[in-house]
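Hello,

Here is the structure I said I would pass on. Please open it before reading the notes below.

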Amino acid sequence: MPRTPRFQDDTELSDGSRYEMVAWEVPTSTEYPEGIKYGFQYMTADGTTLLRYDNYTDAETPGKSRHHRHHYREGVKDIEFTGLRDHIRRFKQEVDQIHDERI
């Protein structure tokens, strides 16, 4: 599947935790109806996932939303996708909140 980089950001925070965000423009399809494939992850310094947003396919839940929010306390839930900018902003707000709770 051809893909074009659309957005990328990675930052290390004061406690050594970090986030990595990447989004690609992909051909519109049933798998990616918005034409965007993304994965955003916030993790501890040792790599333990604290928060993840992605729209990778989930073969175990066909017909469910392809947009997922993985939270270290709350498990995996569907998340509404209203556009890449909104998603980036929402993810960064959650990262800030989790980071502030942990320090």
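This is a predicted model: local features need pLDDT of at least 70, side-chain atom pairs count only at pLDDT 80 or more; totals for chains, interfaces and linings use all residues.

Helix 1

Helix 1 runs over residues 84-102, which makes 19 residues. From its first C-alpha to its last it reaches 27 Å, close to the 27 Å expected at 1.5 Å a residue. Its buried residues are Leu84, His87, Ile88, Phe91, Glu94, Val95, Ile98 and His99. Seen down the helix axis, these buried residues fall within an arc of 135°, so they line one face of helix 1. Arg85, Gln93 and Asp100, on the other side, are exposed. What do the buried residues of helix 1 pack against? They pack against five strands: strand 1 (4-12), strand 2 (18-25), strand 3 (36-43), strand 4 (49-54) and strand 5 (68-71).

His87 lies in helix 1. Its relative accessibility is 2%, and buried means under 20%, so His87 counts as buried. Leaving aside neighbours within four places in sequence, His87 is in contact with Tyr38, Phe40, Tyr53, Ile79, Glu80 and Phe81.

Tyr42 belongs to strand 3. With a relative accessibility of 0%, Tyr42 also counts as buried. The side chain of Tyr42 makes a polar contact of 2.9 Å with the side chain of Ser17. Tyr42 and His99 are 57 residues apart along the chain, and their C-alpha atoms are separated by 9.5 Å.

Salt bridges

Side chains of opposite charge can pair when their charged atoms come close. How many salt bridges does the structure hold? There are nine.

One of them joins the side chains of Arg102 and Asp15, at 3.4 Å from N to O. Arg102 is in helix 1 and Asp15 is in the loop between strand 1 and strand 2, so this pair ties together parts that are 87 residues apart in sequence. Arg102 is partly exposed, at 37% relative accessibility, and Asp15 is partly exposed at 32%.

Arg69 forms a salt bridge with Glu74, with the closest N and O atoms 2.9 Å apart. Arg69 is buried, at 11% relative accessibility, whereas Glu74 is partly exposed, at 40%. Glu74 also meets Lys77 in a salt bridge, at 3.7 Å from N to O. Lys77 is partly exposed, with a relative accessible area of 41%. Through salt bridges that share partners, Arg69, Glu74, Lys77 and Glu94 are joined into one network. Glu94 is also one of the buried residues of helix 1.

Regards

Conventions:
Residues are numbered from 1 along each chain as its sequence is written. Side-chain values use heavy atoms; hydrogens and water are left out. Helices (H or I, at least four residues) and strands (E, at least two) are DSSP runs, numbered from the N terminus. The expected span of a helix is 1.5 Å times one less than its number of residues. Buried means under 20% relative accessible area, exposed over 50%, partly exposed in between (1.4 Å probe, protein chains only). The arc is that of the directions from the helix axis to the C-beta atoms. Contact means heavy atoms within 4.5 Å. A polar contact is a pair of N or O atoms within 3.5 Å; within protein, one must be able to donate a hydrogen and the other to accept it, and residues adjacent in sequence count only if both atoms are side-chain atoms. A salt bridge is a side-chain nitrogen of Lys or Arg within 4 Å of a carboxyl oxygen of Asp or Glu.
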